[in-house]
Structures are given as C-alpha cells and as structure tokens.
Amino acid sequence: MRRLIRADLRRILAKPGFYICPLISFALFIYGLFSSSIEYDSYYSNLDIQLAYIYPFLVLLPIFTCVYGDELRSGTMITAIGRGLSRTKVILAKFIDTVLLSLAFVLFFLLMDQITFDRFSVVLTKVQILRVFSAYAAAWLQILGFCTFAAIFVYLTWNSSVGLVAGLISIAFSKMILDWLQNRTHLPFYDVTFLGQADMARRQFDAGNMWMHHVFFVLLWYALFLTVSALIFNRKELDL
C-alpha cells in the first residue's frame, strides 16, 4: 500500500492540471496584495465564507480529478488489485492520498494569509493566531469529509465524474439544508454530522474547552464512509 501511495503522489504532483486551482488562487492572492489594506476583523469575518465554500471547491476539484479520475481512465487501480492488493487497501490508499494532498492545500492557503499579514503589517495576537489555525483545521476536517463521502459514488458507479458532482453539490448545499432542517425542527441535523462536529471542535478549542471528542466523532464519520465504500467496492465486479 505504501508503494501505491508513493506512486500516486509522484504521478499527481507531476501532472500540470493539478496546479491549475492553486495557480488561480495564487493569482488572486497577488492581486489582493496590491489592493486596499486589510484588518484582522474584516479578514476573519470573510474567512468563514472562504473556508465553507471557496476553499473546499478549490481543493476538491483537483484532488478528486487526479486521485480518482486519472486512476479510472488509466486502469492502474484495477492493475493494483489484479496484482494482489486488496480492495480495502486501495480505498485506504486513496484516502491517505486525499489526506496528504488536502493538507498541502490548507498549508498553502495559510502561507498566503501569513504573507498578506506581513504585507499589510497586521500583527496578530496569540489568541488571533489560534483562531485562524482552528478555522483552517476545522475546514480541513470538513474537506476530508466531503471527499470521503463523494468517493462512495465513485466506487458505486465506477465513474469519477459522478463522485465529483456529488462532492461539489454537497459542498454547495449540505450546510444550508442541514442548518435549515435543524432550525426548522430543533433536531441536531447539522450538529451530528462531520460538518457540525468539526465546527464544534473549533468553537470549543477557541473557548479553551475540551474539543478532542468532537474530532473523534468526525473520524467516526470518515470510518463510516470508508466502510460503505469498502462494502460497495468489495461486491463490485471488475474486469481484471
């Protein structure tokens, strides 16, 4: 499995298309450096929108296309299974690919924010730094959840485009729909999901309270999605 992960990462990082979204982000970042100055309060108020919608789109699109789309087109996933690698290990390898690549994206966005702070001489307190860190960490957990959920549709349909569409739709509408249901019924539709648990972990961390149990529940959601993927994939007939 380690060799499959290393081969995946080498292939993905050598693919020019993988860098399209980061280059778009970088171009917008450069433009922002020459715009009007920013303050922490305005930056932080806009950060929630960026982390909830914009950044997940920018992360999911290249990762999902390269991790799953190229594999299905080239047939390397089937080749790995044909050579004796279990389907469960293939699923775990793709998940680990997603973990590492999405983390790289999040660190890239954080680096751009730090350069922006330096450009406009914005000095953050320790509390403000931790709030920014917790916001990005929660967004990373949510992005992993979206990717892991969308992967179910890849294994179900053997079509990466279906999974990609499922992931993008879930990013665009899931939070809004779950929030509406929760407010309408007063039942924890949003809070019990990986989205709500990641947000709770962030809020508890910012308040200085216990937060690790919320991360544990997020991990349980990942395990659920991976289990569903394994159940589907292990029963799927493939032309090996």
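This is a walk through the model, one selection at a time.

Before you click anything, know that this is a predicted model: local features need pLDDT of at least 70, side-chain atom pairs count only at pLDDT 80 or more, and totals for chains, interfaces and linings use all residues. Residues are numbered from 1 along each chain as its sequence is written, and side-chain values use heavy atoms, with hydrogens and water left out.

**Stop 1**

Select residues 2–13, which make up helix α1. Helices here are DSSP runs of H or I with at least four residues, numbered from the N terminus. Now show the side chains of D8 and R11. They form a salt bridge, with their closest N and O atoms 3.5 Å apart. (A salt bridge is a side-chain nitrogen of Lys or Arg within 4 Å of a carboxyl oxygen of Asp or Glu.) The two residues sit 3 apart in helix α1, about one turn of the helix. In general, an α-helix has 3.6 residues a turn, so residues three or four places apart point the same way.

Is D8 buried or exposed? D8 is buried, at a relative accessible area of 2%. Buried means under 20% relative accessible area, exposed means over 50%, and partly exposed is in between, using a 1.4 Å probe and protein chains only. R11, at 26%, is partly exposed.

Next, pick R202 and D48. Their salt bridge has its closest N and O atoms 2.9 Å apart. R202 belongs to helix α8 and D48 to helix α3 (residues 40–74), so the pair ties together parts 154 residues apart in sequence. R202 is buried at 13%, whereas D48 is partly exposed at 35%. Shared partners link D8, R11 and K94 into one network of salt bridges. The count of salt bridges comes to 3.

**Stop 2: along helix α5**

(The expected span is 1.5 Å times one less than the number of residues.)

Zoom in on D113, found in α5. D113 is buried, with a relative accessible area of 9%. Which residues does D113 contact, leaving aside neighbours within four places in sequence? The answer is Y43, L47 and Y136, where contact means heavy atoms within 4.5 Å. The side chains of D113 and Y136 are joined by a polar contact of 2.4 Å. (A polar contact is a pair of N or O atoms within 3.5 Å; within protein, one must be able to donate a hydrogen and the other to accept it, and residues adjacent in sequence count only if both atoms are side-chain atoms.)

Just after α5, click S121: its phi is positive, about 55°.

**Stop 3: Q142 in helix α6**

Select residues 126–157 for helix α6 and find Q142 there. Q142 is buried, at 10%. A polar atom of the Q142 side chain lies 3.0 Å from the backbone oxygen of L195. Not counting residues up to four places away in sequence, Q142 touches Y190, F194, L195, A198, D199 and Y222.

**Stop 4: two loops**

Go to W158, in the loop between α6 and α7. Phi of W158 is near 55°, positive in a residue other than glycine. W158 is partly exposed at 23%.

Then jump to H186, in the loop between α7 and α8 (194–207). Phi of H186 is near 65°, also a positive value in a residue other than glycine. H186 counts as exposed, at 68%.

**Stop 5: helix α9**

Finish with residues 212–234, helix α9. How far apart are the end C-alpha atoms of α9? They are 32 Å apart, which agrees with the 33 Å that its 23 residues should span at 1.5 Å a residue. Colour its buried residues, among them H214, Y222 and F233.
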